[in-house]
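Dear colleague,

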Amino acid sequence: MIEIFNQKFVKDILTLVFENSEGMFFTDLQDKLTETYGSIHQSAVSRAISTLFQNRMIEKLEVRVDQKNIPKSFYRITETGKFAFKILEMDKELDEEVKGVKFHNEINGDVGQVINIDKADSLEINFKKGK
């Protein structure tokens, strides 16, 4: 499931369709993404929609909206999609929670060891010499 959300525009489209529970046309989705990210190729949007559709997070309807009788693609969120959206929201909350956590480690006794730390955001290590 996580690999699905890592694909480009998948989270954005799922969010848009969730927030517009009545559904959205393909062109509306592309327009909203363009507002956020600038020019986006139609195929990138199609790939993300296809991923969501294949994983049953959205459903596709063909709607005839004009007299040309050419169907337009209309997408609505499914129950699976609503559940996936809740997971995304919990993931965001968890990320925010983790950002506020400060790690603390205390080492007692002989301190003769070298410690290499490549990345240490919010990491605190205290050394106390043993008695």
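Helices and strands are named here as DSSP runs numbered from the N terminus, a helix being a run of H or I with at least four residues and a strand a run of E with at least two. Please bear in mind throughout that this is a predicted model.

**The surroundings of α2**

I begin with helix α2, which covers residues 10–19, and with its approach to helix α3, residues 26–37. The axes of these two helices come within 11 Å and cross at roughly 120°. An angle from 65 to 115 degrees would count as roughly perpendicular; α2 and α3 are therefore oblique to each other. The crossing in which α2 passes α3 is right-handed. On the α2 side the contact is formed by D12, I13, L16 and V17, and on the α3 side by L29, K32, L33 and Y37. Of the residues in this contact, 6 are nonpolar and 2 are charged, with no polar residue present.

Helix α4, residues 42–54, packs against α2 at an angle of about 70°, the two axes lying 9 Å apart. That angle makes α2 roughly perpendicular to α4. The crossing of α2 and α4 is again a right-handed one. Here V10, I13 and L14 of α2 meet V45, A48, I49, T51 and L52 of α4. The contact of α2 with α4 comprises 7 nonpolar residues and 1 polar residue, and no charged residue takes part.

The axes of α2 and α5 come within 10 Å, with a crossing angle of roughly 115°. In this case α2 passes α5 in a left-handed crossing. K11, L14, T15 and F18 are the contributions of α2, while α5 supplies G81, K82, A84, F85 and L88. By class, the contact of α2 with α5 holds 5 nonpolar, 2 polar and 2 charged residues.

Most residues other than glycine have a negative phi.

F9 is not a glycine, yet its phi is positive, at about 70°. This residue lies in the loop between α1 (2–5) and α2. The relative accessible area of F9 is 8%, so F9 is buried.

R56 also has a positive phi without being a glycine, in this case near 60°. R56 is located in the loop between α4 and β2 (58–64). With a relative accessible area of 63%, R56 is exposed.

Because residues under 20% relative accessible area are classed as buried, T78 counts as buried at 17%. Apart from neighbours within four places in sequence, T78 is in contact with R56, M57, I58 and E59.

Yours sincerely

How values were computed. Residues numbered from 1 in each chain as written. Predicted model: local features only at pLDDT ≥ 70, side-chain atom pairs only at ≥ 80, totals over all residues. Heavy atoms only, no water. Axes fitted to C-alpha atoms, helices over the stretch in contact; angles between N-to-C directions. Parallel < 35°, antiparallel > 145°, perpendicular 65-115°, else oblique. Left-handed = near helix turned anticlockwise from the far one by under 90°. Contact = heavy atoms within 4.5 Å. Nonpolar A, V, L, I, M, F, W, Y, C, P; charged D, E, K, R; others polar. Buried < 20%, exposed > 50% of the residue type's maximum accessible area, 1.4 Å probe, protein only.
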